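Subject: Structure handover

Hello,

Here is the structure I said I would pass on. My notes on it follow below.

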Amino acid sequence: MATTTVSRTFGSDNHAGIHSAVLDALAAANSGDAVAYGEDEISKAAIARLCRAAGASQGYLVFNGTGANVLALSLLLRPHEAVICAESSHLNVDECGAPERVLGCKLLAVSTPDGKLTPDLVATKLNGVGDEHRAQPRVIQIAQATELGTCYSLAELRELREFGRSHGLLLYLDGARIANAVASLDCSLADIAACTDVLSFGGTKNGALGVEAVLVMADGQAASAKYLRKQIMQLASKMRFLAAQIDALLDEDRWLVGARHANAAARQLAEALTTVPGVRIAYPVESNGVFTEVTRRLADRLLQDWNIQVWSETPDNSVILRWMTAFDTAEEDVAELAAAIGRAAKTQTHDSSARSS
Ligand SMILES: Cc1ncc(COP(=O)(O)O)c(C=O)c1O
């Protein structure tokens with residue numbers, strides 16, 4: 001297999017390492033004993049700090065994003081209720097049916113052009129309301145940023161929120177990449193959080209070793225949260241080490257600095273690719289993902305060198321590839337990647353014209 005000199009894979013923001021400040025914070029937290037299960041001072045302080053930044057009433061740290069999604073939905077759903085989500089959502093595609101298995105809930109997945117739900121799209125799933133034979137829609141689930149790298153504007157979020165309220169629907173926002181959305185919209189975390197009932201705040205894709213938070217906006221919405229977190233095996237005994245990561249990301253706004261950096265790297269890549277023949281940017285680049293539509297042949301060629309995800313295939317046999325940047329992606333690495341894609345595209349164009357001549 002061909003090798004590449006670039007140290008970045010661009011395969012996922014999960015491929016990135018850990019921010020050095022997070023490692024330092026873990027080492028600093030590793031001093032003496034501390035009470036377990038979140039009763040220690042580091043945990044209390046970090047959760048209070050994050051809740052203040054989001055304007056949330058309560059926060060619960062968990063190990064991973066799937067756990068955050070399942071915990072969040074468990075707070076909002078009764079057994080006969082359903083979740084309306086985008087067909088492309090991580091919840092629907094990439095959680096091995098965790099919400100369906102653990103919560104026993106139904107997902108009502110809607111096809112979207114860009115990973116974003118709209119009131120009209122949500123409305124297509126409301127025709128069974130009041131019918132005892134149908135699971136009853138209760139939650140609108142969205143991701144911000146979405147799995148396709150797009151972001152809801154604040155106006156779009158508010159519109160969805162209002163629509164939900166007028167139809168008795170709660171809003172849960174999967175914020176595995178909320179930092180990238182805050183950076184992209186140039187708003188505050190609280191601006192986005194205010195449009196939701198419950199949201200998650202991702203750390204893992206943004207420099208943490210492994211931590212996410214579930215944030216509950218209203219008092220009373222989370223009366224059972226601590227029990228449900230334990231039941232779904234997301235209660236950390238040595239909680240201080242999850243909390244220390246959140247604290248380090250909040251210090252000096254590292255969560256935002258890292259996300260701005262990742263977004264800028266994605267824009268740099270997208271701009272460099274606009275002049276490459278045979279490569280089309282499939283979705284607006286509004287966070288840290290760049291999705292390129294290419295021919296199957298070019299995709300196969302790129303997949304030899306790059307450990308990236310084939311996101312989808314289109315009916316005309318082209319392929320959408322996903323390239324992700326992270327808090328530590330270097331400008332030179334992006335330039336090298338763009339040049340490598342350019343070379344592969346050129347070779348392919350050259351091969352096809354040689355064949356047709
Ligand atoms: C939007 C979104 N939500 C949730 C997750 C789940 O995270 P984890 O792999 O930590 O369970 C991911 C992971 O890729 C994601 O992209």
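A residue is called buried here if 20 or more other C-beta atoms lie within 10 Å of its own, exposed if 12 or fewer, and partly exposed in between, with C-beta atoms placed from the backbone. This is a predicted model, in which local features need pLDDT of at least 70 and side-chain atom pairs count only at pLDDT 80 or more, while totals for chains, interfaces and linings use all residues. Residues are numbered from 1 along each chain as its sequence is written.

Strand β4 (residues 136-143) is mostly covered, with seven of its eight residues buried. Helices (H or I, at least four residues) and strands (E, at least two) are DSSP runs, numbered from the N terminus. Strands pair if DSSP finds at least two bridges between them. β4 runs parallel to strand β2 (residues 81-86), joined by four bridges, and Glu 81 stands opposite Gln 136 in β4. Five bridges join β4 to strand β5 (residues 170-174), also in parallel, and there Ile 140 stands opposite Leu 171.

Next, the ligand. The residues around the ligand are Asn 64, Gly 65, Thr 66, Asn 69, His 90, Ala 143, Glu 147, Asp 174, Ala 176 and Thr 204; a residue counts if its C-beta atom, placed from the backbone, lies within 6 Å. Helix α3 (residues 65-76) gives the most to this shell, with three residues.

The protein is divided into domain 1 (20-252) and domain 2 (254-356), with bounds from an automatic or database domain assignment. Their centres, taken over C-alpha atoms, are 29 Å apart. In domain 1, 21 residues are in contact with 18 residues of domain 2, contact being C-beta atoms, placed from the backbone, within 7 Å. On the side of domain 1 that touches domain 2, α8 gives the most, with six residues.

An open sheet of four strands has the order β8-β9-β11-β10, with antiparallel pairing. β8 (280-281) and β10 (309-313) are at the edges with a single partner strand each, so one side of each has no neighbour in the sheet. β10 pairs with strand β11 (residues 318-324) over four bridges, where Glu 313 has Val 319 of β11 as its bridge partner. Helix α12 (residues 254-273) lies across β8, β9 (289-295) and β11, at about 25 degrees to β9. Helix α13 (residues 296-305) touches β9, β10 and β11, and its direction makes about 125 degrees with that of β9. Axes are lines fitted to C-alpha atoms, for helices over the stretch in contact, and angles run from 0 to 180 degrees between N-to-C directions.

Regards

How values were computed
Contact = placed C-beta atoms within 7 Å.
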